[in-house]
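Hi,

Here is the structure I promised to pass on. Have a look at it first, and then read my notes below.

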Amino acid sequence: MPRKKTSRSARPSQSSPRALKASRRSKKKPDDKAANRHILVIGFSFVLCMALAVSTILYTMVSQKHLWSGNSALNSLIRDSVQYRTIAGVRGEILDRSNQPIARQTIAYTITANFDTRTEEEKKEDEQLRAYQRQNVLEQAKEDGRTSQVEAALKVADEQNVDDYIENPAQAAAAIKTVLGDMVDEDELLQLLEDGQANGKAQIELGTGTKRISKDEKEKLEAMNIPGLSFVETVKREYPITPFSSNMIGFAAYSDESGRITGKSGLEKAMESYLGGEDGLEQYRATKLNQELPGSKQVLQEASNGENVKLTIDSSLQQTIEDNLRQTMEQSKATAAWCLVMDPETGKILGWGSYPTFDQNTHLVIPSYTDKISESSLEPGSVIKPIYYAMAIDAGVYPYNEYYRAGEFHYVVDEYTGKITRVSADTPTEYPVIMDALGTDYGTLTYADGLAHSSNIALCELLSNYLTKDTVQRYLDAFELFEATDIPFLNEVTGVSNNNTATDYLSSGFGQASSMTILELCKAYTAIFNDGIMMKPYVVDSIIDPLTNETIQKFNPEPVGTPIKADTAHQTIDLMRHVMDDGMTGERFRIDGVDMALKTGTGEIYNEATGTYDKTNYTSTVLAAAPADDPKVLVCYGMQGPDYLSYSADPFKNIMSAALKAQNVNTGTDQSVTEPHQEWTTAQMPSLVSHSLDYATQSLSDKSVNTVVIGNGDTIVSQFPDPGTTINSNDNVLLLTNGPERKMPDMIGWTRKDITAFWQLTGIAISADGYGRVNWQSIEAQTPLQDDTVIEVKLE
């Protein structure tokens, strides 16, 4: 019987362990040798590759060529050095009081002309560069899904542009002249273009008038498709409204040396530390086409922008001043003209004009670098007389209701005491006779009429018989005349006091012999128009952070003295009102419905070269404040020229009307306790004491005033203003009744005079901080008040 076969897997092994191991070794040995050989091959190949790679790298580093192709290893389109770029700090803006820009930094363009100086090899390289740039554009367009549009645009560009270089210098010069006009000289442009072409220049700038042109001018030139013209983007200082107090604000311009805009004159120069930004610096890698390589930019120093400077100037008023000074120069054939508008309660400058002036955007022709307001002193003429009247009133020596003889003033001087004595015309004297203007004899006058007629003899009488030289000097010092006003940031000169001789002492009283600036004069007049308190003039309101719009520094009203008493100021204003009466010197300057205090003046001009006074040119000045009862604006307008007798009053009237509007006086837009009245009116304050409240209300109903009733009574026991006083639309009229219950009024918009009147009527104390009008009160309106209550208010 045959044996049954058994599967190998089922049959147990009969071999010994040693035999089994030997068997396994004998079977595995051929496979291990093959694996080892494979590892050796791989290792050798890796070492060989590494050697080749290192060799290639070393070869490329040394030769800057690829080992196999022999081509340059450097991309010719990539610059081989780090590029540095300035991050420009933006110059701060100058703003008017309403935050309207009057000076700002804008983008501008400088014209360059390009000439073809390339070799054939360079032309071929340019083609490569264009192709490279084109490819980049197409790839980006593909990513953005705009391939078809971009391809169409590139096709048009290819048809229009191959090589853009100047071919016809005459054509280019004529085209530039067409757009830029008087800014450029066509012959000079042509010469520059021809020289650049002949001398093998690749690119040139075209000089005066072609640097920092506007975007509009650039676009007009581009539309003309002039071959070879290109534009380099830069920055410039722009003045949206110009002339705009050009000498005071000045101008800033781009400096090629510093690579930034810097102030050259006026506030632009004086406030460089505030306005000027600081440039930063960054580094990057770029192609030869100046395309920045992504991820290569690194900021080394951050740029910082300049701060904004806010002025107290009102743009609308300033434009009126500019227009009317221009008219003055033309119509009166004046050689100079000026106007200063101030708020006498605060010292804020609302408008400032000096002519001749200049365009701040071009500043190519500057007829005068001297500002007529602060940098030029003059003998003011009769406009100074009210200040001397105020001296006599305040010193208690003014001759009320007395008369003097006008005409001519002959005098002698005591050699021991210096006493000036008027003598008859036939008395021998070594001193020159003093006469009224044009030799006019007004006869016998009161001193009030003497001021209204602008009589020089009235001043001679006051100075020789009532005021002493020491008294006059004391008041001149108190008014700080012939001293710098210390107005922040502006240049100023000071006038010269000349009282050494008797003749000069008398002459100074009617505005000759001694000189002063318009700014000095107006500062002194703030005392007359502000209850005796003299205010320091200022034109910079605040410094503002341009990013956060937060105020960094604030300039506030600053009283600098009280040269006269409040009652003296009021009396002087009444005398100045009389100047505009019929037949008086200020009659033609009246404005219907406007209550003004005014004085005119004509001054002779001393010629130092000849040592004599000019007999052709004179200074003519009008100084006024309105409303006279509570002045909100002071206007000083004047000119220098031959037309001192018949010059038009319209420019002054236009400026005064605009100034009142700027201060919301004649438009009724001031904040007040009642709805403002829109029409400008004046009236006489009636006597209301002892009358019923109903009667008082009815009496005031047609006066367009704001009536403030104090107390819950039915009979008027005291009033403000006094009976017979001139009141104006939107004035506050305070009526104290016999009722004991008193409530806090809404004082927002009240003047210092209003709050003082409330204090005097009620006996309730008020602590006031600041100058101008109330913009905050510590007690809410309609809150009951006690006799010992102290009210706090802030004015601005």
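Which residues in H17 are buried? They are Thr 568, Ala 569, Thr 572, Ile 573, Leu 575, Met 576 and Arg 577, where buried means under 20% relative accessible area, exposed over 50% and partly exposed in between, with a 1.4 Å probe and protein chains only.

Before going on, some ground rules. This is a predicted model, so local features need pLDDT of at least 70 and side-chain atom pairs count only at pLDDT 80 or more, while totals for chains, interfaces and linings use all residues. Residues are numbered from 1 along each chain as its sequence is written, and side-chain values use heavy atoms, with hydrogens and water left out.

Back to H17. This helix covers residues 566-577; helices (H or I, at least four residues) and strands (E, at least two) are DSSP runs, numbered from the N terminus. Its 12 residues reach 17 Å from first C-alpha to last, close to the 16 Å expected at 1.5 Å a residue (the expected span is 1.5 Å times one less than the number of residues). The cover over its buried residues includes helices H11 (385-394), H12 (447-452) and H16, plus strands S22 (597-607), S23 (612-626) and S28 (726-728).

Next, the core. The largest nonpolar core has 127 residues; such a core is a set of buried Ala, Val, Leu, Ile, Met, Phe, Trp, Tyr and Cys residues joined through side-chain atoms within 4.5 Å. Trp 352, Phe 529, Met 596, Phe 652 and Met 656 have the most contacts inside it. Helix H16 (residues 518-528) gives this core its largest share, eight residues. A second, separate core has 21 residues, including Ile 748, Leu 761, Ile 779 and Ile 791.

Phe 529 is worth a click. Beyond its neighbours within four places in sequence, Phe 529 is in contact (heavy atoms within 4.5 Å) with residues including Pro 344, Ile 573, Met 576 and Leu 623.

Now the aromatic rings. The whole structure holds 16 aromatic pairs, counting rings of Phe, Tyr and Trp (its six-membered ring) whose centres lie within 6.5 Å; planes under 30 degrees apart are stacked, over 60 edge-to-face and the rest tilted. Tyr 525 and Phe 529 are a stacked pair, 5.6 Å centre to centre with 20 degrees between the planes, and both are buried. The ring centres of Tyr 606 and Tyr 613 are 5.3 Å apart with the planes at 70 degrees, so this pair is edge-to-face. Tyr 606 is partly exposed at 40% relative accessible area, and Tyr 613 is partly exposed at 25%. One aromatic cluster is formed by Tyr 389, Tyr 398, Tyr 400, Tyr 404, Tyr 447 and Tyr 466.

Finally, two loop residues. Thr 210 is in the loop between strand S4 (203-205) and helix H6 (215-223), and is buried at 0% relative accessibility. A polar atom of the Thr 210 side chain lies 2.7 Å from the backbone oxygen of Gly 207. Met 516 is in the loop between helix H15 (502-509) and H16, and is buried with a relative accessible area of 4%. The C-alpha atoms of Met 516 and Leu 378 are separated by 5.5 Å, though the two residues are 138 apart along the chain.

Cheers

Conventions
A polar contact is a pair of N or O atoms within 3.5 Å; within protein, one must be able to donate a hydrogen and the other to accept it, and residues adjacent in sequence count only if both atoms are side-chain atoms.
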